[in-house]
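These are my notebook entries on a handful of places that I looked up. I kept them in the order in which I went through them.

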Amino acid sequence: MDRPHSRTGRSSAMQTFSTTVTRRALLMLLAAALTLLGIVAMSGWLADSTRQFSRSVGRITSLRVAAGTLLSQLQDAEIGQRGYLLTEDRHYLKPYEAANIAVDSTIARLRDLADGGADELRIVDRLAVLADAKREELAQTITLMEAGRRDEALAVVRTGRGMMLMDDARRVLADLITPADAQLDTQLTALIGQARTSGWVANLGGLFIVLVVGGAVWIALRYTRDLMRAQRAIQALNDSLEQRVSERTKELQRANDEIQRFAYIVSHDLRAPLVNVMGFTGEFEVGLASVRAHLDRLPPDGDDAAASEARRAVVEDMPEAIGFIRASTTKMDRLINAILALSRQGGRTLNPEPVSMQALLENVVASLRHQASEQHCTIDIREPLPSLLSDRLALEQVFGNLLDNAVKYLDPARTGRIAIQGRVEENRLIFEVADNGRGIAPQDHERIFELFRRSGVQDRPGEGIGLAYVRTLIRRLQGEVTIESVPGQGSVFRITLPQALSLSSEKAVHDA
């Protein structure tokens, strides 16, 4: 029999440990939230910079196209004039007339795009003057030719004024394009630096989040182990001392409540910023696609070092950083859901009822029939199976998890076989689920029942919570689960249950 001060000391230690766990969890959550907010801010900043760069690329690209179009139109007009002068065939005037009409709209387009300052507008005005002079020179020669004064028209051409006007136009166009290209190179360099900074922040932030989640899981596991030790200590106490039982069950209830509060904090406070990270990552991807599309439209032959580096950052570095963010957030979301699912199980009230294990297992096997057929696996229920008084939903979840694991980890080198049988031994029911799958190494026989622990090659989806969930449910059903397994031969999961589930201990905990 424990002394009063011993019981008080254990209760005080439990409360102190609960406070410590809560404080550590809150600090870790705060650190994770700040990290996520930092990643969100960095993603927003880089997305805004990407949008600005995309607009600048679009303007400069359009400016270059319009400038080239203007030069081409003037050249087309000149070609039409020369053809007419040489052949006196008015058919050659068609490109001249079309180009002459289009020049005005092209100059207007250049004015719209010249938003880089007064210098660009002055250059465009100079281009308009040169274009008008060139068209006047072309129109003069054509007019002379139409009047039958061909020699005078050719004399105007031989003065070289038209060629000088075209050379001046080319130089002015170069004065317009060169500063724009320099501005683009500057922005490219800045974007590369931002991308590298964002990549480092994303990688470090994602790694920190994984470490925080790992710390949270470690705290949860440690707390769960201490809770299980407390449960065993309570069972070892003298059942005849009602007050003693009451005190221990109250401690257990407080511990369960603390776990549920901890799981709520993890699932709620971490998921909200996690959703923000996913959203801004999607926006970042959209902006990145726009930049990549603009870069793809630029001729790669003219890329300088900065443009090549930008292409590499857009195609390789930034997608890799986004992939790391998505992988980290997805893993974090799965771990949060796993912790929450396991903690909720302790709060459900069991409902004992007569259960036909034959019918229950046939339903469970039927739900896995398609999955088993894809694996070329047979599932055999060996009759007769004993019935019992227990919680139907818990039993369905237990055998559903065991059979799902058996199908999932079959050995592809041989045809899968799973057998289920049951028997009665000394007022206890024993059920066995045997398979000829991969098998489990002896050192992992206990580890596989721990939270987030898995055995063997990790080539199947899962978070390592299924068997921990099975053991939790079986213990609430006042039974136990063990395993016998040989690698390369298969496994046998053995479940021992009472014929009738007693709710006296459950009621004592909830009443406390």
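Which backbone nitrogen does the side chain of D391 reach? I found that it is the backbone nitrogen of L393, at 3.4 Å. I note for the whole notebook that the model is predicted, so that local features need pLDDT of at least 70 and side-chain atom pairs count only at pLDDT 80 or more, while totals for chains, interfaces and linings use all residues. Residues are numbered from 1 along each chain as its sequence is written, and side-chain values use heavy atoms, with hydrogens and water left out.

**Entry on D391.** I placed D391 in strand 3, residues 388–391, where strands (E, at least two residues) and helices (H or I, at least four) are DSSP runs numbered from the N terminus. D391 is buried at a relative accessible area of 2%; buried means under 20%, exposed over 50% and partly exposed in between, with a 1.4 Å probe and protein chains only.

**Entry on helix 10 and helix 11.** I looked up the pair formed by helix 10 (residues 392–408) and helix 11 (residues 466–476), whose axes come within 9 Å and cross at roughly 150 degrees. Axes here are lines fitted to C-alpha atoms, for helices over the stretch in contact, and angles run from 0 to 180 degrees between N-to-C directions. That crossing makes helix 10 roughly antiparallel to helix 11, the cut-off for this term being an angle over 145 degrees. The crossing is left-handed, that is, the near helix is turned anticlockwise from the far one by less than a right angle. From helix 10 the contact (heavy atoms within 4.5 Å) takes in A394, Q397, V398, N401, L402 and N405, and from helix 11 G466, L467, Y469, V470, L473 and I474. By class, I recorded eight nonpolar residues, four polar and no charged, where Ala, Val, Leu, Ile, Met, Phe, Trp, Tyr, Cys and Pro count as nonpolar, Asp, Glu, Lys and Arg as charged, and the others, Gly among them, as polar.

**Entry on helix 3 and helix 4.** For helix 3 (residues 118–146) and helix 4 (residues 150–158) I noted axes that come within 7 Å and cross at roughly 160 degrees, and the two helices are therefore roughly antiparallel to each other. Their crossing is left-handed. Helix 3 contributes E137, Q140, T141, L144 and M145 to the contact, and helix 4 contributes R150, E152, A153, V156 and V157; these residues divide into five nonpolar, two polar and three charged.

**Entry on S485.** I found S485 in strand 6, buried with a relative accessible area of 10%. Its side chain reaches the backbone nitrogen of I440 at 2.7 Å, and a polar contact of 2.7 Å joins the side chains of S485 and S491. Such a contact is a pair of N or O atoms within 3.5 Å; within protein, one must be able to donate a hydrogen and the other to accept it, and residues adjacent in sequence count only if both atoms are side-chain atoms. Residues up to four places away in sequence not counted, S485 touches G439, I440, H445, G490 and S491.

**Entry on I60.** I60 belongs to helix 1, residues 4–87, and is buried at a relative accessible area of 2%. Leaving aside neighbours within four places in sequence, I listed A180, D181 and L184 as its contacts; I60 and L184 are 124 residues apart in sequence and 7.8 Å apart in space, C-alpha to C-alpha.

Note on methods: Angles under 35 degrees count as roughly parallel, over 145 as roughly antiparallel, 65 to 115 as roughly perpendicular and the rest as oblique.
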